[in-house]
Every structure is written in structure tokens, then in C-alpha cells.
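Look over the structure below before reading on.

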Amino acid sequence: MSLAVALAAALCLAAASDPAERLPDPAQEARARALFREVRCMVCQNESIADSEAGLAVDLRRLVRERIASGQDDAQVRGWLVDRYGEFVLLRPSFSWANLALWLAPLAVVIAGVLALAARLRRPAPADAALTEAEARRLSELLAGADGHDPALKSSRDDPNA
Amino acid sequence: MITEFGAFALILALVLSLAQVLLSGIGRYRRSGLLVGAGEGAALAAFGALALAFAALAHAFVTSDFSVANVAANSHSEKPLLYRVSATWGSHEGSMLLWNLALTGFGAVLAGRGRDLPRDLKAVAVAVQGLIGSVFLAYTVLASNPFVRLVDPPVEGRSLNPLLQDPALAVHPPFLYAGYVGMSVVFSLAVAALVEGRIDAAWARWVRPWTLAAWSFLTVGITLGAFWAYYELGWGGWWFWDPVENASFMPWLVATALLHSAVVTEKRGALPGWTVFLAITAFSFSMLGAFLVRSGVLTSVHAFAVDPTRGVLLLGILLATAGSAFTLFAIRAPGLAAGGVFAPVSRESALVANNILLSAASLTVLLGTLFPLIREAISGEAISVGAPYFNLTFTPLMVLLCLLVPFGPLLAWKRGDLSPAFRALIPALVLGVLAGLAALWFLTPRKAFASLGLGLAAWLILGALAEAAQRIRLFRGPLAESLRRLRGLPRGAWGTTLAHLGLGVFVLGACFETAWKLEAAQTLAPGQSLRVGAWELVLKDVRPVDGPNYEAETARISALRDGREVCALTPSRRFYSAGGQTTSEVAICTVNLSHLYVVLGERRPGPEGRGVWLVRGFWNPLALLIFIGPAIMALGGLVSLTDRRLRLAAGRRREVRP
């Protein structure tokens, strides 16, 4: 178990791994690293504090590590960050009413798409069976002549799936 | 002098584009072959004029003419020639010129080569392409002219951001823009088809080569950008869900959906409305990307200098162009024929499922990019949407898609049978599950999701191969027969197989690299070493190096495995005095398909007053596959583009209709 945690702690991104910053307890260090990836470096351009070497990121990493070392859980650390900097600091937006559209839209599109497909599949075939007499005659003429097809619609012979 | 000539050529291109709109438009209205032909001529001439303008700007950069404001702001006389040339498109103004070059270039190809298109459709498409060109050229001439001179030219330029002085990034914008702007032809053809009121299998066939070409360019462009981020930004990441990356990814996702829905429209005449909708959306997303990168509404590592006025203008262009196209679509869509019916299990259904998932994925990326802006506008609260959001939303959609991909090409049109498709895929399924279980069992640390990803990658790769085997009836007849079929296989089929195979290769690399990457960092004095997995990195020494426009500290590091030197690495830190920036030059040692990735960090005071250096080492297993996969996909696109069915459609129709 402790070996797996130690290995997991070794699997992290660049800046956060600076040996000068690490926590002595590998389990706590792994938790800190996982949290870093969800915290925005506010002065950087779209980087998490795990990736950044900016001064603010270094400070935030230290503060987050201190809190974890003092026994706070992840939710407490997140709450502390949000109190201090606002929701902007979290790279993973909270699942709240204001963010509902953000979280549920992908699912809504899939459901809408599946419903549209189901509607399309249930629709009866267009009444192409009911040909007029003239159309039927034209059809048999076309079927008799080999080159009567629209080449754009006709698939080439060498495509077995066409 | 040459600069003034360039400015003149730029304005000439604008005038010619306007002429192209009027001549082709009126020519179509009056059904005059002469006017339509003149419109096509104007399209060719507009490209010629813009090529001259572009050459003039490149000349100003190569000769370091700092009396040109754009050169003074973005170049430096000590910069190597390659980066003086690439600086031509390294700035906002220059990149707009490149955008216009691609736009008129595609317009010229449409005018000069689209011989198999019906005359009326082509005339309208050329007019629409000219209209897009005119709008963007007018913007360039009036709001972002790269040829503006300075009254008081400086002695030395301010240089290009050193992060951008890189071979991959020098060629990244041309590919990306060719992809973005290639979608403009698809857009023009869609609008023309809506104007003409005719969207059928033939139309879908005309749209396909343009989509394929633009999609292939976009794939290469995005991959080059990811590769650049991987080795230049210095922490081994290659995709950050950065708004600018998203801006290029959205048109790619839509274009991928379009490629698949156009097949349904081409083969079965079904979904014409949806295909046209995607054709309009693809270029609209390209324009949205151009707007996002330049407006400063989003912060990003890749963004150009912020200028709100230009942002508003670009937003106006986007809303007017996309808005009018979508309005036209809303008017015409109800009148479009629905096309052939199909059963729940059929190639059509599989392709529709692909489209549903890709649309949901595009919307996810769009929302993830724009939602913070929307929420801030509504409630004033700022939020961030970063990688954790996309991992939770985008990834499940892609997992579903990857599960479905191998089935699609094995199902028959109209009414497919699941059991033969399933039988053909049994080996892929069994081996995929085994690969996933093996990953779970043997790889440490144990990672369930990444193991699932590896299984999925194996399923995709083997599924693509199983489909190819099915096509040539491998092992189900004499080998000679299979070989004969192999030779006769249409290029389009090869394209599908390659693209799906490439996706699998990418998933394999991405999962492996993300989950089983090893990392270590330590401050080292010369002679000391650092362990990364099985590797031992020995710092030999660090010396100062003088570059053409920078000063550097370069370390010599020897990478040992089992006590034997495998590679010698020279990572360095560069200081560019022109802009006062420091960059890190990563050293990468490729071992089979994996990368040993070494970064030289800052110098710190060590014991006895001697310096020590922070050295980071990464073992990125199978990292090369992340970039090879998309390259195979792009190759698939190009192979498909050479399919004779796409090229010979014109000749065959002429034979039929004398």
C-alpha cells in the first residue's frame, strides 16, 4: 500500500515536484499534488499551480501543503481557497445551479440526438412503393439500360460495402 | 518601396475580391458565362495580388526593415533567417495576412479547378467565397494593416517572443490556417447549395474533398501545436484545454463529424440538412477561433496582443457571416428532402451516433471555453473551467465514440446485420479486453481508468485492422485472392482504416504517457546524479553558450541505464536580452517510442559557494505515439483525398450526359 502511494506521489507534474517544497509524508504529498492540479495559478495564463513556477504558485503550493500537513481534508482546503480567492481559483467548477448548463449540456445534446435518431428511425418509409404507371414504365426502362444511373449516386464496383 | 508595393497589392486584392463577388453574383443572376468566367478570373487575380503582398511583407522581415511598424515590433536583426521568415505570420497583422492568403488561395483553387461543379452552384460559391475574402481583406486593410510605416524608425526591433522561435511553431500557423480557411470553401459550397436549393448526393461528393483537405491540414496543425507545447513549455504536457487550443479543436471536431455525415449524404442521400448545418458550423467555429485568439476576451499562452477594437470588429464579421448563413439555412431547411430510410442497425445509424457524440463533444469544448465569459457577463462572478472539467465530460463521450468506431465500417448501408460485424470483431474484442486486463495486472502503479484506455486503444487498432481484413476477405479464401482484393481496394477505404488506426495509436500513447509517466527532480552539482525510474541522469557540467540572439547555460547530462550510457543530453536555459525573457530548451532522448525528457532548471546557491542546478527528468512512455497517431490520421485523410472516385466524378458524368 505505502509503496503504491509513494509511486503515485512520484507521478506528478513539473513545478510541484521541486524537492525544496515536498512534504515528508508521501500520502499527504500525493493528496497535495492532486489538489494542485485543480487550483488555478491566478497570475499565470491558464495554468494550474502544479505547472507554474510563478511566485504566487509557489506560495499557494506552500499554503496548501501546510493545510494538508495540519490535517485538513480536501474539501476544507478547497473551501479555504474559494473564501480567499473566489470560485475563479478552482479549475473544476462547482456543481451548482449557476453551473448547471455547463455540466448537463453535453448529456442534453446526447439525449436530444438519440431522440432525434429514434424519431427518424420510426418515420415510415416515403411512399415510393406507390409509383404511377408512367413512373413504373420509366423505372423498368432505367433498370433495363445499364448506364442509366446517376453516376454520383452509383457507387463504384470495387467497394464491397457500397 | 517594396513595402508600399505590398500595401498596394493588398488593396488591389480587396478590390479584386469585391469584383469577384459582383461579377460572379451578377453572372449567376443573368446566367452569363462571360461574367461568371470574369468572376473566376478575379478570384485567381485576387490570390495573385495577395501572394505579392505577402511576399512584400516577408521581404521586409527578411531584410529587417524596421521602418515598418510590424517588423519593428516583431523582429530583430540578430534572429536566424527561419525565424525572420516565420515572424511574417507571428504577429496579429501578419497572421491576418496569412489567413487572407489562405482564403484567396482556396478561392482561386475553387475558381480554377472546380470544373465538375454545376455552373450555377459554382458561380454562387465563388461569389460567397469572394464575399468572405472581401470582409476579411477590408478588416486587414482598414484595421490591421501590416504595411504601416513608422515616422521615426528604431535602430533595432523588439523581437518575436522567444517561445515562438521554434521550427515546429514556424510551420504550425500555415498548416492551422490552411485547415481553418479550407473550411471556408465548404461553407461557400453550403451557402451556394442553399441558395440554389439543391442538396443531394452529388453536392456531398463535391464537399468531401475540401473537407478532407481542410481536416488533414487542421490535424497536422493542431498536432504541431501540441508537439511544440510538449517540448517548448518545459513540463511535458501536450494538451492543456487552453482556450486557444480549444479554438482550434472545435472546428476539428465539427469537421470530423462533417466528414462522416457527408458520407451518409453522398451514399444514401440522407441527412442533407444536417450535413449543410455542419458545413456552415465548421467555418463559423474557425472564425470564432480567429476572434477568440485576437480579441483578448480569454487569457491564454498562445493569444496575440490584446486589442478590444479589433475584437469587436472580428466579432461583427463572425456574427454577420455565420448569422446570415444560419438564417438562410433556417429558411431553406424545412424544404430539404429527408432522404432514404434506414434501420436501427445500419451504417447510417452508426454514422449518426458518431455525429451525436462528436456534436456533444464540440458543445462541451465550446461551453468549457465560453461559459466563464457567459457567467461573468450574467452574474459578475468569475469562474474557471480547466482540465478537470473536460476530463469529466469530454472523455466519457470519447470513450463511447471509441467503443463504436470499429463497428461503423463493418455495417452495411440501410439495414445492417450486427452478428457478422460482431464476428469480425471478436479477435479485436478479446485482445482488447486482454490488453486492458494485462495493463491492470502488470503495470505499476495500478490504474483502472488508464488500463481501460489501453484496452480501448487495442480495440481501436485491431478493429481497424479487422475491418481491412474483412474487406480483402483475409483467411476466408486463397491468399492470392486476398492480395488481389488488397490491390483493388479503393483509396477511400484505406483512408478510413488509416484514420481509425491513427486514433487508436493516439489513444494508446495518450493513456500510457498520462498514466505511467515517471518524474523526478533534484538540485545537482556537477558530478551528482538523479534517478528517474530505470534511468540515472548524471550532470557532467554546465557551461555558458553564446547563441545568435540569446545567451544560454547548457548542461551536459549523461543518461545511463544499467550503468551504460544510452544518450548524452544537453538541456539549456536561454536568456533573450531583446525581450528580457528566459526560456528552457528541453533535451529529449527517444528510446524506441518513449521519451526521456530532461529540463535544466534554475541555478541555486549550493554548499561551499558552488552553484547547483535544479534538474527535472521525466520518463514519458510511448509519448511519441501521441504525435504519430494524429499523423497517421492526417495521412488517412490525404490517401482518401487521392481516391479516384473523387477525382473522376467529372469525367464520368460528361460521358453520361453528352
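**From one residue to the whole complex**

Leaving aside residues up to four places away in sequence, B:Val545 touches B:Ala552, B:Thr554 and B:Ser572. This is a predicted model, and the contacts are those found in its coordinates. B:Val545 belongs to strand 3 of chain B, which covers residues 535–546.

Is B:Val545 buried, exposed or partly exposed? A residue needs 20 or more other C-beta atoms within 10 Å to be buried, and 12 or fewer to be exposed. B:Val545 has 13 C-beta neighbours inside 10 Å, so it counts as partly exposed.

Next, consider a pair of helices in chain B. Helix 6 of chain B spans residues 119–143, and helix 11 of chain B spans residues 308–332. Their axes come within 11 Å and cross at roughly 170°. Because of that angle, helix 6 of chain B is roughly antiparallel to helix 11 of chain B; the cut-off for this term is an angle over 145 degrees. On the side of helix 6 of chain B, the contact is made by B:Ile132, B:Val135, B:Phe136, B:Tyr139 and B:Ala143. Helix 11 of chain B contributes B:Arg310, B:Leu313, B:Ile317 and B:Thr321. Sorted by class, the residues of this contact are 7 nonpolar, 1 polar and 1 charged.

How confident is the predictor in chain B? The average pLDDT of chain B is 88, and 96% of the residues score at least 70. Among the elements of chain B, helix 18 (residues 623–641) has the highest mean pLDDT, 95, while helix 20 (residues 649–656) has the lowest, 42. Over residues 648–658 of chain B the pLDDT is below 50. Beyond near neighbours in sequence, that stretch has 11 contacts in the model. Where pLDDT is low, predicted coordinates should not be read in detail.

Chain A can be described through its elements. It has 6 helices and 0 strands, and from the N terminus on the order is α-α-α-α-α-α. Of the 162 residues in chain A, 27% are buried. Among contacts in chain A between residues at least 6 apart in sequence, 44% join residues at least 24 apart.

Finally, there are scores for the complex. The predictor gives it an ipTM of 0.84 and a pTM of 0.89.

Technical notes
Residues numbered from 1 in each chain as written. Chains lettered and ligands numbered in written order. Predicted model: local features only at pLDDT ≥ 70, side-chain atom pairs only at ≥ 80, totals over all residues. Helix = DSSP H or I, 4+ residues; strand = E, 2+ residues; numbered from the N terminus. Contact = placed C-beta atoms within 7 Å. pLDDT = per-residue confidence, 0-100. Axes fitted to C-alpha atoms, helices over the stretch in contact; angles between N-to-C directions. Parallel < 35°, antiparallel > 145°, perpendicular 65-115°, else oblique. Nonpolar A, V, L, I, M, F, W, Y, C, P; charged D, E, K, R; others polar.
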